[in-house]
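Have a look at it first, and then we can go through the details together.

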Amino acid sequence: MCFSLKLTPFIFSTMKADVLLGLQWGDEGKGKVVDVLTPRYDVIARFQGGPNAGHTLEFEGIKHVLHTIPSGIFHSTKANVIGNGVVIDPVVFKKEIDALLNLGVDVKKNLFISRKAHLILPTHRLLDAASEASKGTAKIGSTLKGIGPTYMDKTGRNGLRIGDLEHADFKSLYATLVAKHKELLGHYNYEYNLSELEPAFFEGVEAIKQLTLIDSEYVLNSYLANNKAILAEGAQGSLLDIDFGSYPFVTSSHTVTAGTCIGLGLAPGKIGEVYGIFKAYCTRVGSGPFPTELEDSTGETLRKNGNEFGSTTGRPRRCGWLDLPALKYAIMLNGVTQLIMMKSDVLSGFDTIKVCTHYMYKGKKIEHVPYDVVNEKIDPIYDELPGWKEDLMKVSDFDQLPAALMQYVDYIEQATGLPITIISVGPDRKQTLMRKEVAF
Ligand code: IMP
């Protein structure tokens, strides 16, 4: 594709953008699936979050983690757009583009950044750290990438945007915001050395200025008008959404499908397929409620077999069985049209597999996610299904999957009313099984 950024005046087009997003607490494997689906699309766009994300891709013996850059970047003929809903840390961003350059990927050709995306300043990171430290045991478990303070400045109408980098007086805009942040840091009594952090920030700023900055809402709508296929790539997961997650143990952006419309400037009617991606079990990093968490040897086995350690922070992930009330909640919020199940291989070896179907909450058996998941006790009620022992790493076709795994798939399809169209059986691009009878 040639990356025409020429804008087409609005015309009626039936083309819609598809969305791929996580239905749990993040780390579902979005990066891998976006990379696999990219050949079907012309444009991959990120719509929210920032360097708190870590999207891992593995192919041809290379393992690569992307934080801000869309997972289509390894396909040189595809446009990759960072939308207005994203927050960008120039320091992390420069490291990402340098690492890609080392792998022979020059992002200058096919990466475009919205002028309306907000900038994460070094002082945002300091404020994140100071705020978390002040919370003591009530801390959120933030990745400390400055996400919360940056979105606070955005909604508080103080933030700096990528487009501000084009202004001659950027340095004075920066100084004004930093002065505000220093006052706030004073309230926290937090020790810091800003002058150590600033050189890398300004180097990152220069790197961003070498790239193509765009009015992404116009560009993306023009792409649709010209019948280009867009895939919107979510970050984090639906259960970390600022409104619908287990507040306050959430991230600061809208991780659900509605966030795609806001974060890219696409009208709701322009959304097509919604791919909901989930792990065959659950994980969560950071604090917050997790009804099916296993703090025993089974949880340890899941963590070990699934290599469940954060790709951004390295922290061990909390592990537990699949939680259907939470999954159904996420499906409802997102308008999911098809499901993608990841890491099925990690469940190999268990005699039986449990699935939470209901919760006991305030003495009642319920099937929904109640308002107070933070202070009230939630006890999972489980169904038990037969496990399987086969190693799935070499399975290359749906038909070769063990019968007990297919029973697990059927069970989830019945419970959710949606088809599972893709099953992942290992980290590599090739270990992705597509259901043949489903047309993509
Ligand atoms: P923050 O977005 O860095 O402020 O972190 C808020 C909460 O979201 C913490 O519990 C983090 O561990 C979690 N979180 C943020 N980004 C991700 C992600 O990409 N994957 C999984 N959890 C995340």
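Helices (H or I, at least four residues) and strands (E, at least two) are DSSP runs, numbered from the N terminus. This is a predicted model, in which local features need pLDDT of at least 70 and side-chain atom pairs count only at pLDDT 80 or more, while totals for chains, interfaces and linings use all residues. Residues are numbered from 1 along each chain as its sequence is written, and side-chain values use heavy atoms, with hydrogens and water left out.

Let's start with Lys94, which sits in helix 2 (residues 90-102). The scale calls a residue buried under 20% relative accessible area, exposed over 50%, and partly exposed in between (1.4 Å probe, protein chains only). Leaving out residues up to four places away in sequence, Lys94 touches Glu203, Gly204 and Ala207; contact here means heavy atoms within 4.5 Å. Its C-alpha atom is 28 Å from that of Leu7, 87 residues away along the chain.

Ser195 belongs to helix 6 (residues 194-209). This one counts as exposed because its relative accessibility is 54%. Pro122 is 73 residues from Ser195 in sequence, with 9.7 Å between their C-alpha atoms.

Both residues also make polar contacts through their side chains, listed below. A polar contact is a pair of N or O atoms within 3.5 Å; within protein, one must be able to donate a hydrogen and the other to accept it, and residues adjacent in sequence count only if both atoms are side-chain atoms.

| Side chain | Partner side chain | Distance |
|---|---|---|
| Lys94 | Asp98 | 2.8 Å |
| Ser195 | Asn193 | 2.8 Å |

**Helix 9, inside and out**

Which residues of helix 9 (residues 297-305) are buried? They are Thr298, Gly299, Leu302 and Arg303. Seen down the helix axis, they fall within an arc of 140 degrees, so they line one face of helix 9. That arc is taken from the directions from the helix axis to the C-beta atoms. As background, an α-helix has 3.6 residues a turn, so residues three or four places apart point the same way.

The buried residues of helix 9 pack against strand 13 (318-320). On the face turned away from them, you'll find the exposed residues Ser297 and Lys304. Asp296 caps the N-terminal end of helix 9, with a side-chain oxygen 3.1 Å from the backbone nitrogen of Thr298. After the helix comes Asn307, with a positive phi near 45 degrees.

**A loop residue**

His75 lies in the loop between strand 4 (62-66) and strand 5 (79-82). It is buried, because its relative accessible area is 16%. Not counting residues up to four places away in sequence, His75 touches Asp35, Thr38, Pro39, Asn110 and Arg429.

**Around the ligand**

How many residues surround the ligand? There are 16, and the closest are Asp27, Asn52, Thr143, Thr251 and Arg315. To be counted, a residue needs a heavy atom within 4 Å of the molecule. An oxygen atom of the ligand is 3.1 Å from an N or O atom in the side chain of Ser142, and a ligand nitrogen is 3.4 Å from an N or O atom in the side chain of Gln236.
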